[in-house]
Each structure stands twice: as structure tokens, then as C-alpha cells.
Amino acid sequence: MFDYQRNGNVFAKCAGGLEELLARELSALGAQCIEPLYLGVSYQTDPRTLYRTVLESRLASHVLAPLVTFECQSEHDLYNCTKQLDWSVVLDCERTFAIQSHVSDSRITHGQYAAQKMKDAIADWFVDKEGRRPSVDRENPDVWFDLNIRRNNATISIDASGGAMHRRGYRKESVAAPMQETLAAAILTGARWHGERPLYDPMCGSGTVLAEGLLIAGNVPAGWRRCRKRAPTAALPDFDQALWDRVKADAEAAQVEVPAGLVRGSDLDRDAVKATRTNLRRVPGGSETQLSRVDFRQLDGVQDSLIVTNPPYGVRLEDRETAFAIYKDLGDWLKRGCTGSTAWVLCGEKELVGALGLRPKRKVPLRNGGIECTLVELELY
Ligand SMILES: C[S@@+](CC[C@H](N)C(=O)[O-])C[C@H]1O[C@@H](n2cnc3c(N)ncnc32)[C@H](O)[C@@H]1O
């Protein structure tokens, strides 16, 4: 019996800063003994809640089901302890696998090297038992394993989400610097938006905010597209297909139609509007979304709505000057035409917050695709 089967403990990973929000989401999904930790949340679950998390969580990036934890002072410990597991319970030679690894504060310092050692141990275990070994597929394996070595303690888990959950499957086209899907969902969740008032993104780029808004308003599970063809949880040794089917059917039955005009957006750039249109076609209710190609400065305004956007930011000096001008104009536009609305603006760097010329109700430091950002909430009276 593996660790997660014995104690029901699993670990949902998330981006830094989202731990508390994820804890709340997991509680609503039925998780117990929830503990927000660094870059994730530990919780206790039965199989139903575990499947629900994998299918429905909007904020988690992976859900890990631990198999075993052991002291790991050296590569020999890693190899020997890995080789002691009965790998036939979680893998066979007909299935492919891959390993994602993370190492911190430990004698083993290289994640990739550690993954290589673990792979060797699994391959050797199969060769000893069966004379052949399963293949590695780093793109689309049947089973994803996660190896985490922290302070010389190694935990080997099965990634029950079967890879990164932010890859919802609707983003076919993209623009420069798209917002990560889990972050867009987190902003909407933090704003406590469930579709009660209109949502608008005046710089929609590839449409991530709009897509996540449609999923939330339609009560569509974040993983509905990833999980359409196969259950990521099928990699678990105790996977229950009938239960998974019931969880999916319940989620499908709970979906609702999104009212026309509830979610809208625009962008200056023709390719961005085209990308948004393409992507939204792949989201339930997204084909009818109102989109326009327009400079936000030409818009009259958006009243009594939720406005969520991330304007461009500049790394080069001339781009930075343009970025400061855009933020100033955005602040003016919000003040002028958006009374009764709340705006959440993801600012590419904290210096840009001041350029908006509005006093934020809240400032939240966040990372978007490796960049330190500041999210601000603005009440527009
Ligand atoms: C960082 S991207 C937004 C990314 C988007 N959130 C996504 O997930 O793909 C910034 C967008 O602002 C748009 N933009 C820049 N200036 C604009 C303006 N004055 N009016 C409207 N859109 C503008 C750009 O075309 C670009 O698509």
C-alpha cells in the first residue's frame, strides 16, 4: 500500500501567492485537513474528492499522490530506495512514463540528475523482473511521476493530474506575454466573481481572462477539455473508472448557460482579437462572445462591471516609456468612464502601479510566467 492510500494525504501544487485561495477552493470541493504550505496545499481526500480536484480545480497546477518518502543523503540512497518499490503496481512495460523533479536544500543538487537516477532504478527493476523495461516519453507519457527532494528527504508521487493543469487545452493561438490560465482564474476567484455582473477585458490578448470567465460563469470544470478523452487519474493504482465517470457526469449536469453579453473584451491588435476568437470557440459558450478590435482609449467606458486586464509592460527603455503612457491612459479611462466598476490590473512591475494615478484598494505581489508582477484592485466610484 502506498502512502496516499494509507493516510489519504495528497498535495496540490500552485503558483506562489495562491496557496490561501487554493485552500479555500479545495475546501469547497470537499477536501479535509487542509494545510496551505509553500507553493501548494496539503489535504486529506477520498477518491471522489481527489477526482473532483483533478477535474475541477481552477487554481492547482498539479495534484500529487505520494507513493513513498525516504531519507535521501546520496544518489545511492535514491537509487536503492527507488528500486525497492514494487513498480509493477503503478507501471508496466506497455506504458510510458516521465519524471518531473525538484531538489532543494539537499546533498543532491541537480533535479535532472536525480530524475535520471530514479529512471535508472525503475528501468533496472523491470529488467531484473521481466527482462525488458518501459519507455520514457517526456511529451505525453501514460504516467507522470514527481520526485521532490527537500532537506535530504525524497518523496516520489504519481502526478494524478497527468501534467500541468494550467494547460486547459483551449489556448490554440497566443500573443506575446499571455496570462497563465491558473492566474486568470485566481484573479476572478479573488474578486469573488461568479458571473453576477459583466466581465470586460479591454486588452484581452489571447483571451485568457475571458476564457476563464466563461468557464466560471458556465460552471464548467477547468479540466473539462484535458479530461475529455482520458482520465489523468487512471495512472493511480486504485483508479475507479465508474467513480470517475460519475464525477464527470455530475460536473456536466451542473453546467449552466452563460447569458449573452456577460463576458466581453477588446484589443487594439488584429492578431490578438483573432487569437481570442479562435481560443474562445474552444470554450463552452465562447463562440458568441462579443469582441472588438479597438484602442481602449476610444471606448466610452464600462460601468457596473468587473474589469480584469494585464496591459503590456516594457523591458527595453523605449517599451517602458510606452508602457508608462498606457498605464496612465488606462487610469484616466477607468476614472472617466467606468463608474460603479471594480478593476483588477496585473501590472508588469510595481513602478507601473503609480502610473495608473488611482489609489489601489489592495496590492498583491504575484508571478506571471516567471515575472514578478503586482496585482491591484481599484474601486471606481
Ligand atoms: C500582456 S498582453 C495581454 C495578454 C492577455 N491577458 C492574455 O492572456 O493573452 C497586452 C495586450 O494589450 C494590448 N494593447 C496594448 N495597448 C492597447 C490599447 N491602447 N488598447 C487596447 N489594447 C492594447 C496588446 O495588443 C496586447 O494584446
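Helix α5 is followed by G131, whose phi is positive, near 80°. This is a predicted model, in which local features need pLDDT of at least 70 and side-chain atom pairs count only at pLDDT 80 or more, while totals for chains, interfaces and linings use all residues. Residues are numbered from 1 along each chain as its sequence is written, and side-chain values use heavy atoms, with hydrogens and water left out.

Helices (H or I, at least four residues) and strands (E, at least two) are DSSP runs numbered from the N terminus. Helix α5 (residues 111-130) has 20 residues and spans 28 Å from its first C-alpha to its last, close to the 28 Å expected at 1.5 Å a residue, where the expected span is 1.5 Å times one less than the number of residues. Its buried residues include A114, M118, I122 and W125; buried means under 20% relative accessible area, with a 1.4 Å probe and protein chains only. The buried residues of α5 pack against α4, β5, β6 and β7 (153-159), contact being heavy atoms within 4.5 Å.

Six aromatic pairs are found in the whole structure; rings of Phe, Tyr and Trp (its six-membered ring) pair if their centres lie within 6.5 Å, and planes under 30 degrees apart count as stacked, over 60 as edge-to-face and the rest as tilted. The rings of W87 and F145 have centres 5.2 Å apart and planes at 90°, so this pair is edge-to-face. W87 lies in the loop between α4 (75-84) and β5 (97-104), and F145 in strand β6 (residues 143-150), 58 residues apart. Both W87 and F145 are buried.

F296 and W333 also form an edge-to-face pair, 5.9 Å centre to centre with 65° between the planes. F296 is buried, with a relative accessible area of 4%, and W333 is buried at 0%.

Notes. Buried < 20%, exposed > 50% of the residue type's maximum accessible area, 1.4 Å probe, protein only.
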